[in-house]
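The structure is shown first.

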Number of protein chains: 2
Amino acid sequence: MALPHASSFRRHALFLLCRSPSRFLFLSRSLSSSAAPGLDLTNPTYIVWGSNTGVGKTLVSAGLAASVLSPSSDDPFAFLYLKPVQTGFPCDSDARFVCQKVSALFRRHLNGSPAGLLASDHLLNASTAASRELLGGRPEQPDEAVEGDAASRGLGAYEETRIGNGERKGGDFRLVCKTLFGWKEAISPHLAVEREGMLVDDSSLRELLGRCLGSSLQGGGHGTKEAIWRVIETAGGVASPGPSGTLQCDLYRPFRLPCILVGDGRLGGISGTIAAYECLTFRGYDVVAIVLEDHSLSNGVSLQSYLRNRLPVLILPPVPQDPLNDLLDWFNESSKTFSSLKEILLSAHVKRIERLHDMPRKAGRLFWWPFTQHKLVPEKNVTVIDSRCGENFSIHKVKDNQEMLIPQFDACASWWTQGPDSILQIELAKDIGYSAARYGHVMFPENVYEPALQCAELLLEGVGKGWASRAYFSDNGSTAVEIALKMAFRKYMFDHEICAASPKFRLHGSCPELKVLALNGSYHGDTLGAMEAQAPSSYTSFIQQPWYSGRGLFLDAPECFISNGLWNLSVPDCLQSNLKPEDMRFSSCAELFCPSRDSSPIANNYATYISEKLCDLAGSSHSILVGALIIEPVIHGAGGMHMIDPLFQRALVRECQVRKIPIILDEVFTGFWRLGRESAAELLGCQPDVSCFAKLMTGGVVPLAATLTTESVFEAFKGDSKLMALLHGHSYSAHAIGCASAAKAVQWFKDPSTNANIDVERKILKELWDVELVHKISYLPAVKRVIALGTLFAVELKADGSDAGYASLYASSLVQKLRADGLYIRPLGNVIYLMCGPCTSPHFCSEQLHKLHQSICEFRKC
Amino acid sequence: MALPHASSFRRHALFLLCRSPSRFLFLSRSLSSSAAPGLDLTNPTYIVWGSNTGVGKTLVSAGLAASVLSPSSDDPFAFLYLKPVQTGFPCDSDARFVCQKVSALFRRHLNGSPAGLLASDHLLNASTAASRELLGGRPEQPDEAVEGDAASRGLGAYEETRIGNGERKGGDFRLVCKTLFGWKEAISPHLAVEREGMLVDDSSLRELLGRCLGSSLQGGGHGTKEAIWRVIETAGGVASPGPSGTLQCDLYRPFRLPCILVGDGRLGGISGTIAAYECLTFRGYDVVAIVLEDHSLSNGVSLQSYLRNRLPVLILPPVPQDPLNDLLDWFNESSKTFSSLKEILLSAHVKRIERLHDMPRKAGRLFWWPFTQHKLVPEKNVTVIDSRCGENFSIHKVKDNQEMLIPQFDACASWWTQGPDSILQIELAKDIGYSAARYGHVMFPENVYEPALQCAELLLEGVGKGWASRAYFSDNGSTAVEIALKMAFRKYMFDHEICAASPKFRLHGSCPELKVLALNGSYHGDTLGAMEAQAPSSYTSFIQQPWYSGRGLFLDAPECFISNGLWNLSVPDCLQSNLKPEDMRFSSCAELFCPSRDSSPIANNYATYISEKLCDLAGSSHSILVGALIIEPVIHGAGGMHMIDPLFQRALVRECQVRKIPIILDEVFTGFWRLGRESAAELLGCQPDVSCFAKLMTGGVVPLAATLTTESVFEAFKGDSKLMALLHGHSYSAHAIGCASAAKAVQWFKDPSTNANIDVERKILKELWDVELVHKISYLPAVKRVIALGTLFAVELKADGSDAGYASLYASSLVQKLRADGLYIRPLGNVIYLMCGPCTSPHFCSEQLHKLHQSICEFRKC
């Protein structure tokens with residue numbers, strides 16, 4: 001890159017500003033609100049926070065910049081300083097301060113070196129009041145840059161300075177300082193916005209910041225790739241509001257840049273510094289160093305000891321209080337500290353990058369991933385997740401030799417657990433931190449503590465409303481199902497008087513064989529009891545679990561899906577008699593769930609079929625009894641996102657109720673708005689005896705499951721002996737952290753003040769997937785069927801033979817393409833799905849769906 | 001209570017102080033360091049925190065006191081103001097300030113009312129420098145109390161004032177202000193200690209504070225029970241260090257008093273207030289109200305909006321800056337705000353007490369506790385856990401009509417999960433909060449992220465060192481065991497060429513029947529697969545799990561225990577041949593684990609017995625194969641804390657290794673120092689093929705399990721198809737929060753700088769249970785046997801018939817007695833145990849053991 005002439009800089013910026021300040025205020029709105037743009041990690045990039053206002057953030061930024069831009073350095077570094085939000089502008093301009101001080105220090109240290117520094121100070125946007133001030137009454141400032149050999153333009157929106165002759169081989173050092181938004185009054189930005197206008201919403205600010213971080217420093221004169229340091233300086237303290245009122249620690253969280261925390265050396269400063277440090281770490285930031293001014297109170301010693309040497313605490317000499325002091329001597333005195341800071345930051349940066357590079361190899365060597373054939377996962381396919389922000393992962397990738405952090409939509413919802421947007425995520429973190437500190441985990445049986453009680457209350461008033469009266473806690477869907485089965489069987493034995501005291505207990509001299517009634521293709525978990533309740537499949541083969549026998553009466557079920565823009569019903573042959581084609585087509589999903597179908601001819605077919613199957617089994621042996629019905633309501637998830645005809649499931653429930661066979665709904669996948677209602681039981685219009693919940697219940701952060709039951713199921717376990725009780729439990733039963741997150745998430749999802757998707761009247765989620773686009777996809781020739789319901793969108797690709805089914809790799813290329821497009825897809829064989837959270841904006845969903853549509857179109861082509 | 005004469009007050013306090021300041025410095029040391037003394041909740045008790053120094057904590061305390069002590073109140077309240085730590089003393093004395101201002105305000109508002117106020121200001125301890133200052137150069141202070149009708153004594157260590165004539169029926173109002181510790185210099189307390197001495201360790205400070213809170217206010221002249229408000233005012237900001245250097249937010253945590261946070265209304269104050277608020281909540285405190293001075297920056301509005309109206313934010317008028325202003329007008333102007341504050345605090349207090357009272361009833365109605373016969377749990381037996389601090393619960397109890405919070409040692413270690421002391425608990429909360437904010441939970445398969453990788457690294461370098469190379473994550477011990485069984489069976493099939501391709505696959509036309517080799521009395525979890533690996537027991541009956549069949553070859557095992565001061569070996573009859581009595585007695589536990597026993601005659605008996613049992617099974621049918629050995633190493637936990645002869649378990653392992661039967665160690669209970677070594681495999685001296693870990697792995701806060709394996713087990717799952725992979729997984733596999741806590745806990749426990757119990761050289765825990773006392777207990781006539789190993793102390797009470805075994809209620813009275821004594825015991829039938837954490841001090845353990853000893857002695861008597 002050749003060094004451009006100074007004259008080529010965009011000197012007209014100020015003039016534009018003069019004529020039409022409003023032109024600077026244009027901001028495009030990004031709607032994928034919580035995602036940070038891709039972030040180039042190749043060079044050290046830090047964010048500077050203050051533990052209070054006035055603790056010296058700008059001094060630290062300037063000192064660090066001066067240390068990087070030292071004329072004696074071997075390499076001519078570039079340094080980008082960004083001040084996203086500046087109030088008190090232009091009177092106060094941290095960017096100008098940095099520009100001036102670093103320039104002056106550079107000049108001081110030139111010592112005849114041929115090095116040169118090109119320093120500039122940009123303003124991108126200013127409020128009208130600030131612009132006026134800038135043009136009219138610009139206050140006189142001592143401008144060191146004007147002295148000596150520097151070329152200086154006292155513009156305002158754009159100032160540029162050259163120090164030295166720039167004769168050095170390899171080009172000039174470069175300092176670029178930018179103020180992104182300036183307001184006139186020296187008050188909190190959100191108040192300045194109130195008084196002066198120029199409201200900047202969070203995503204616009206992030207987008208501009210991301211662009212500034214991403215842009216290469218034009219005018220850098222290096223033949224080789226620039227070595228750029230980037231520093232963002234925040235305004236006020238860590239939790240000071242930004243322009244929109246969002247706290248800055250939340251505002252900048254999607255970038256999750258490593259932090260420099262400027263501590264407070266004054267009386268009370270230990271407290272302020274620790275509180276600020278924790279405020280950052282409890283938002284998932286990494287603080288790399290704390291720097292603070294010495295006030296002879298040894299605050300640094302206390303901090304170091306409290307932080308157990310987890311991070312360095314650097315001490316700066318006292319800052320002269322004389323306003324006429326140009327601080328250059330102070331900077332000189334501090335140069336060793338800044339040099340240490342620079343080394344610490346550099347080494348942390350290098351270490352981070354190295355670790356990110358090491359991680360896939362180490363993962364491949366140490367992890368044993370579930371449901372994964374390691375032979376099929378080359379190192380390059382391992383995804384390195386640096387963090388999550390709401391619905392998006394932040395993924396490390398090397399792209400065109402750049403170290404990138406890229407947002408990727410968690411379209412598999414991390415095995416269907418995810419629900420939080422970026423706000424709920426931090427709220428959950430807070431409640432979890434509080435619970436961990438208040439309770440850790442405490443013993444549950446015979447005890448009570450607030451989170452468990454609150455969680456039980458909310459579950460019974462929510463997903464259990466109208467039928468359930470008891471909550472039994474465990475750890476995951478599989479254990480919740482094992483517990484449900486034990487409950488249902490006992491209830492069955494109780495109702496049918498199969499107990500130790502009864503002559504029926506040992507039918508024909510041995511225990512009866514209890515079976516479940518269940519559907520082919522359903523799935524209930526991986527522990528043996530849950531496996532036994534599902535029909536034979538890839539998961540249940542002898543080499544997977546030699547103890548599996550399949551203790552069910554498994555029925556084939558009719559299925560629904562969208563194809564060519566219409567909902568279709570696909571019915572097993574045995575159920576087809578008397579059905580007309582019009583009975584099998586539906587214009588909307590709502591029609592499928594319509595209660596009027598209960599009196600349709602097909603309802604009769606269903607009832608007869610179920611009844612016959614139950615009779616057949618009863619006829620085959622007197623010692624075989626069906627002790628429970630277990631179904632995944634509406635959707636078979638792991639089985640490949642198949643939607644079962646709700647009418648059929650209603651018929652199953654009815655036939656079992658008639659026979660006093662307890663009903664278990666496995667809502668592990670479907671619970672908590674997954675399908676657009678708080679529970680799928682509501683959607684189905686059925687009341688179970690037992691229901692299992694997990695996954696989304698805690699908002700998607702920590703394992704917890706609940707099995708809810710009616711009081712009459714509970715009663716079947718009462719007796720005089722402990723041996724009658726349900727002797728099943730896990731160590732962390734009803735652990736406080738899980739219950740606290742569940743309590744928060746359950747309320748958050750259903751509250752219209754926190755979840756804009758809630759239709760309060762109808763107690764449903766708004767339509768999240770653009771219906772037109774859904775239909776369009778259902779017409780694609782590569783597509784066999786489509787499901788769109790609540791937070792779920794699924795599409796089965798047309799495939800035959802080994803290309804179809806769970807182990808198929810048919811969709812691999814599509815998956816890789818989508819991942820490159822920013823969608824973290826994990827297919828179920830030839831079934832691709834997108835799953836958002838209950839609070840995800842419909843706009844965001846449609847954006848993702850567009851990408852999917854595009855990719856499937858292309859997939860067809862190749 | 002009659003009103004004593006003023007002269008009866010201990011006026012001599014000052015004179016003692018004059019003569020021997022050191023007498024005031026005596027502090028008894030409590031060794032149960034993290035437990036707060038029992039706390040009387042009957043009356044409102046609050047702690048006042050500052051979001052920074054100088055934000056007006058004392059003004060708020062005084063304003064609140066004045067509001068409570070208003071002459072126009074119906075009831076003559078008492079108000080106790082405590083300032084535990086005061087620096088700048090006696091020049092600054094917040095207690096004196098409160099005393100003077102409240103007195104002056106009371107007088108102002110008398111308006112001819114017959115009410116009287118008795119106000120006193122006490123100093124309990126002062127540094128030598130502060131005492132000298134107090135006696136010598138006491139600075140002149142405007143003393144409003146001297147004016148008017150007040151009786152005043154200008155003492156210093158004790159001042160007393162009476163306002164009004166005290167002629168009102170029902171007695172005087174009372175204000176008692178106490179400074180617990182005063183230092184002269186106006187610096188952080190920990191620095192003052194450095195310079196002036198009078199080091200107060202945390203537990204001494206808490207003990208004195210507890211005593212002050214607990215004491216009734218002598219001199220209160222009410223015939224009925226006093227209505228006392230209690231307020232503790234902290235020093236500096238929330239995270240300012242106390243005298244020992246411990247942050248005050250940590251120092252006062254065991255009390256977990258509800259908080260008033262004094263916010264900061266200045267520029268930057270939003271940030272400081274939010275950070276302080278979070279600093280408190282992330283330590284498990286409840287902030288009930290925020291109060292801040294108005295600085296015309298609308299900080300209150302931002303705070304209110306950020307806190308989503310979760311708590312009230314009250315605004316005080318600007319405080320006059322003139323040092324001569326006596327602030328009485330300001331207090332008047334603020335009286336409405338303070339009155340609101342008082343109402344808010346009172347209502348929060350009442351609500352808390354009501355909820356605590358409601359909880360047992362609600363719990364009994366909504367919960368379904370695991371392993372609990374609800375019929376046997378009357379409401380009065382339900383334990384209300386308000387919080388945990390390290391090894392102790394804080395329990396709500398009504399005692400003598402007082403609402404009490406009482407510390408109770410979690411002796412059941414909350415189903416053996418617990419490990420943290422109070423410091424680690426907060427450290428875990430921090431790491432958990434950070435992980436939740438950084439990751440929430442993210443998808444594990446084919447991915448990598450820091451906590452999962454770090455956790456895997458630490459497990460494989462720790463409990464897996466020397467043998468394991470892969471970590472498979474799941475949610476609890478039961479799932480870890482189900483996974484282990486699947487792994488072991490596959491490995492067995494692989495080694496013995498039982499696979500689809502081999503003719504052996506279908507022996508005699510059907511699949512072989514795979515069994516586990518296991519011990520009678522062992523327990524591996526409650527999901528069906530784990531249950532199948534254990535011998536028939538109460539847990540496995542038909543009414544508990546009709547699908548259980550018991551798929552094991554279950555052997556009887558020899559057992560060890562202490563009885564009459566000696567370790568005894570109890571061997572099943574079939575193993576007794578050739579054994580002499582001296583072979584069955586051991587003077588220490590170490591002898592039992594001595595490798596030299598491998599060549600003893602008994603070793604031979606063991607090997608022969610095992611070998612014969614395996615041959616017998618093989619002879620019975622060709623299609624039955626033993627595909628895995630599974631044992632709980634050393635201790636059968638849920639089976640009743642039985643210690644199995646380690647030599648026998650070594651023999652089992654050896655016999656299986658010879659036959660290429662994979663070895664599974666179920667270390668769910670024993671892992672991570674439970675038994676004094678990081679793993680029980682170490683203690684046993686065996687290398688397994690597969691090991692299961694859970695419980696203590698996360699430090700006892702959140703569910704997570706790991707199944708570790710050798711590389712050769714992993715290899716048995718490699719292949720070209722996904723169907724060869726281990727198709728078992730749970731939604732929250734390797735969830736970030738669990739992995740992060742595990743990473744912290746695993747390191748914390750083994751690091752001598754964080755765990756004083758670690759003997760680094762020998763990689764063992766120091767002896768935690770006083771050996772002499774253990775032997776003494778083993779001699780008691782009520783005691784059948786004793787086990788003391790690592791963090792476990794167990795004793796089996798002599799009992800016969802239905803008094804023995806899991807369902808026995810034999811120990812009920814002992815359990816109730818111990819709970820009343822502060823030990824939360826949960827027995828296994830007639831087996832009582834204490835379980836501490838790896839970091840618990842031996843002194844604390846012995847204290848508990850003493851209580852147990854005492855109770856067992858008494859138990860025998862009744």
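The secondary structure of chain A comes to 25 helices and 32 strands; helices (H or I, at least four residues) and strands (E, at least two) are DSSP runs, numbered from the N terminus. This is a predicted model, in which local features need pLDDT of at least 70 and side-chain atom pairs count only at pLDDT 80 or more, while totals for chains, interfaces and linings use all residues. Residues are numbered from 1 along each chain as its sequence is written, and chains are lettered from A and ligands numbered from 1 in the order in which they are written.

Of the 862 residues of chain A, 58% count as buried. A residue is buried if 20 or more other C-beta atoms lie within 10 Å of its own, exposed if 12 or fewer, and partly exposed in between, with C-beta atoms placed from the backbone. Two residues are in contact if their C-beta atoms, placed from the backbone, lie within 7 Å. Among the contacts in chain A with a separation of 6 or more, 75% come from residues 24 or more positions apart.

Helix 2 (residues 57-68) of chain A has twelve residues, which at 1.5 Å a residue should span 16 Å; its end C-alpha atoms are 17 Å apart, which agrees. The expected span is 1.5 Å times one less than the number of residues. Twelve of the twelve residues of helix 2 of chain A are buried, including Lys57(A), Leu59(A) and Val68(A).

**The two chains**

Chain A is superposed on chain B by a rotation of 180 degrees with 0.0 Å of shift along its axis (RMSD 0.1 Å). That is the relation of a two-fold axis. The superposition is by least squares on the C-alpha atoms of residues with pLDDT of at least 70 in both copies.

In the interface, 148 residues of chain A are in contact with 147 residues of chain B. Helix 13 (residues 422-438) of chain A gives the most to the side of chain A that touches chain B, with eleven residues. By class, that side has 78 nonpolar, 47 polar and 23 charged residues. Ala, Val, Leu, Ile, Met, Phe, Trp, Tyr, Cys and Pro count as nonpolar, Asp, Glu, Lys and Arg as charged, and the others, Gly among them, as polar. Because 99% of the interface residues of chain A are also interface residues in chain B, the copies meet through the same surface.

**Strand pairing**

Two strands pair if DSSP finds at least two bridges between them. An open sheet of five strands has the order 15(A)-12(B)-13(B)-14(B)-1(B), with mixed pairing. Its edge strands, strand 15 of chain A and strand 1 (39-40) of chain B, each pair on one side only. Some pairings are listed below.

| Strands | Sense | Bridges |
|---|---|---|
| 12 and 13 (residues 392-399) of chain B | antiparallel | five bridges |
| 20 and 21 (residues 585-586) of chain B | antiparallel | two bridges |

Val384(B) stands opposite Val448(A) and also opposite His396(B) in strand 13 of chain B. Strands 19 and 20 of chain B form a hairpin with two residues between them, and Asn564(B) in the turn has a positive phi of about 50 degrees.
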